[in-house]
Amino acid sequence: MAYNEQFAQRIRASFDLQPQAVRFNITEKKMFGGIAFLFCGKMTVGIIKENLMVRVISSKMDGILNSEHVRPMDFAKRPMKEFVYVSQEGIASEEQLLNYIELGLEHAKQKLNKL
């Protein structure tokens with residue numbers, strides 16, 4: 001598998017900080033040559049190579065794309081709707097990582113109509 005297992009452990013630890021209703025509904029799935037973390041079957045975040053992949057609701061995309069260390073996810077050479085990559089520099093702290101995990105959870109909850 002082409003992802004950093006220590007990075008995956010950081011993400012798992014961040015999900016462990018979530019309420020029980022979230023924690024018990026997180027699953028992992030191999031996707032895009034990496035690993036994705038799903039909430040109730042909806043993708044939230046993942047790892048592709050050394051990048052954090054994050055699902056972001058449409059209304060927040062422009063703001064997030066203006067953030068340092070964030071770029072559109074261009075898997076297969078073209079941007080994917082509501083997906084961004086965050087480089088390692090953008091998630092150096094656990095607080096930064098948790099912020100992106102919250103964005104991914106927000107996207108999943110919106111798709112599930114659980115907001």
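**Ground rules.** I number residues from 1 along each chain as its sequence is written, and my side-chain values use heavy atoms, with hydrogens and water left out. Since the model is predicted, local features need pLDDT of at least 70 and side-chain atom pairs count only at pLDDT 80 or more, while totals for chains, interfaces and linings use all residues.

**Entry 1, the sheet.** I looked up the strands (DSSP runs of E, at least two residues, just as helices are runs of H or I of at least four, both numbered from the N terminus) and found six of them in an open, antiparallel sheet with the order E1-E2-E3-E4-E6-E5. Strand E1 (26-31) and strand E5 (70-72) are the edges, and each has a single partner strand, so one side of each lacks a neighbour in the sheet. From one strand to the next the twist averages 25 degrees.

**Entry 2, strand pairs.** I then asked how many bridges join E1 and E2 (two strands pair if DSSP finds at least two bridges between them), and there are six, in the antiparallel sense. In this pair Lys-30 stands opposite Ile-35 of E2. The two strands form a hairpin with two residues between them, and Phe-32 in the turn has a positive phi of about 55 degrees. Strand E4 (residues 51-55) and strand E6 (residues 83-86) also run antiparallel, joined by four bridges, and here I noted Arg-55 opposite Phe-83 in E6.

Helix H4 touches E1, E2, E3, E4, E5 and E6, and its direction makes about 145 degrees with that of E3. Such angles run from 0 to 180 degrees between N-to-C directions, with axes fitted to C-alpha atoms, for helices over the stretch in contact.

The axes of H1 (residues 5-16) and H4 (residues 94-111) come within 10 Å and cross at roughly 70 degrees. The two are therefore roughly perpendicular to each other (angles of 65 to 115 degrees count as such, under 35 as roughly parallel, over 145 as roughly antiparallel and the rest as oblique). Among the residues making the contact are Phe-7 and Ile-11 of H1 and Leu-97 and Ile-101 of H4.

Technical notes. Contact means heavy atoms within 4.5 Å.
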